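Dear colleague,

I am handing over the structure we spoke about, and it is shown just below. Please look through it first; my notes on what was found follow after it.

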Amino acid sequence: MRPSPWSLCTGVILTVSLVSGAMAEDAYPARAIQVIVPATAGGPVDTAIRMIEPRMSALLGTPLVLLNRPGASGIVGMSSIATAVPDGYTIGAGVSSTFTIVRTSGSTVPYEMDSFEMIGNYATDVSVLAVNPDAPWSTFEELIAFARNNPGKLTYGSAGIGTVSALGMQSITNMFKLDITAVPFPGGAQVAIALLGRHVDVGLVPYSTGAQMLREGKLRPLATTAAERMSTLPDIPTLSEKGLSIKGLNLVLGLYAPRGLPLGNSSVLVHRLQQTMQDPSVGAKLDSVGLFAQYENPAAARERLEHELHDIVELDRKLKQAQ
């Protein structure tokens, strides 16, 4: 018995519907993407992703939902990214220090670079050695001279062991043989507030956090970790001019996903991040908050991390030998 034309038509419609439904279900992204931010609100890691999120969400056609998960110099948040289901619906907005400097903290780091898929880097942030504008030091040399002549009298703020601010200050105190007491804070924003309130004497503050305060004269810059003098602070020397190595002491901000992400989903994220960073308005937004747009593809991001890890491990070894 031959099937009727109606049954054939129904079968074709059912087949097409099933195929279309499967394609729609497999299309990525089909729903909102959670982005874990392993840092406190208001700091450079948090600020940077908030600058690129609107454009990238628009390109993806679905919202990026940001979730701050700070703790242990970024280890808490990065660990939750590494152990997330690798389906592309949980990714992370991380920072280079959570792979490099954090390994000098003495804490157990339950992940490696191979725990992640690199989506790409999108921005960098330098740090500024700053004091309160009422402080008696107008230059880096004056601060160093005072600290040498007054051992144990000064305090410096940092975001805690395993962070750029802590390792940078340790490098300064070691090179110039200074006795300055460390005071840890949850993040760079809190260090800046402590300087404003004169709760500490000096600190390394992320430029993105302190840019407005510097412009308004609420903080006084004495040096930066930039590779060369900044156009916005042309009279302020770099730490490299003072003989300090700055390799690995600048924050490189990127997107990561847990290892095992499907290739198709990974390609979508990589392409959309690249498109986001090709938009001049995104670079302008980053610049407006003191961050520097710098796109690097997954291979370049991985290579940078490997080089910086080597440099930081070597710096940490030298500091420990000097103790």
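**Notes on the model**

Helix α4 (residues 140-149) lies across β5, β8 (202-206) and β9, and it runs at about 90° to β9. Helices (H or I, at least four residues) and strands (E, at least two) are DSSP runs numbered from the N terminus, and angles run from 0 to 180 degrees between the N-to-C directions of axes, which are lines fitted to C-alpha atoms, for helices over the stretch in contact.

Please bear in mind that this is a predicted model, in which local features need pLDDT of at least 70 and side-chain atom pairs count only at pLDDT 80 or more, while totals for chains, interfaces and linings use all residues. Residues are numbered from 1 along each chain as its sequence is written, and side-chain values use heavy atoms, with hydrogens and water left out.

The mean pLDDT (the predictor's confidence in each residue, from 0 to 100) of the protein chain is 89, and 92% of its residues reach 70 or more. Confidence is lowest in helix α1 (residues 5-26), with a mean of 43, and highest in strand β1 (residues 33-37), at 98. Over residues 5-25 pLDDT stays under 50, and for this stretch the model has 1 contact (heavy atoms within 4.5 Å) beyond four places in sequence.

The strands β5, β8 and β9 belong to an open sheet of 5 strands, in the order β7-β6-β8-β5-β9 and with mixed pairing; two strands pair if DSSP finds at least two bridges between them. At the edges stand β7 (181-184) and β9 (220-224), each with a single partner strand, so one side of each is left without a neighbour in the sheet. Strand β5 (residues 127-131) pairs with β9 in the antiparallel sense over 4 bridges, and Leu129 stands opposite Ala223 in β9.

In helix α6 (residues 188-196), the residues Gly188, Ala189, Val191, Ala192, Ala194 and Leu195 are buried, meaning under 20% relative accessible area, where exposed is over 50% and partly exposed is in between (1.4 Å probe, protein chains only). The buried residues of α6 pack against β5, β6 (155-158), β8 and α7 (207-215).

Ser158 lies in strand β6 and is buried, with a relative accessible area of 4%. Leaving aside neighbours within four places in sequence, Ser158 is in contact with Ser165, Ala166, Val183, Pro184, Phe185 and Val191, and its side chain reaches the backbone nitrogen of Gly160 at 3.1 Å.

With best regards

Definitions and conventions. Polar contact = N/O pair within 3.5 Å; in protein donor to acceptor, adjacent residues only side chain to side chain.
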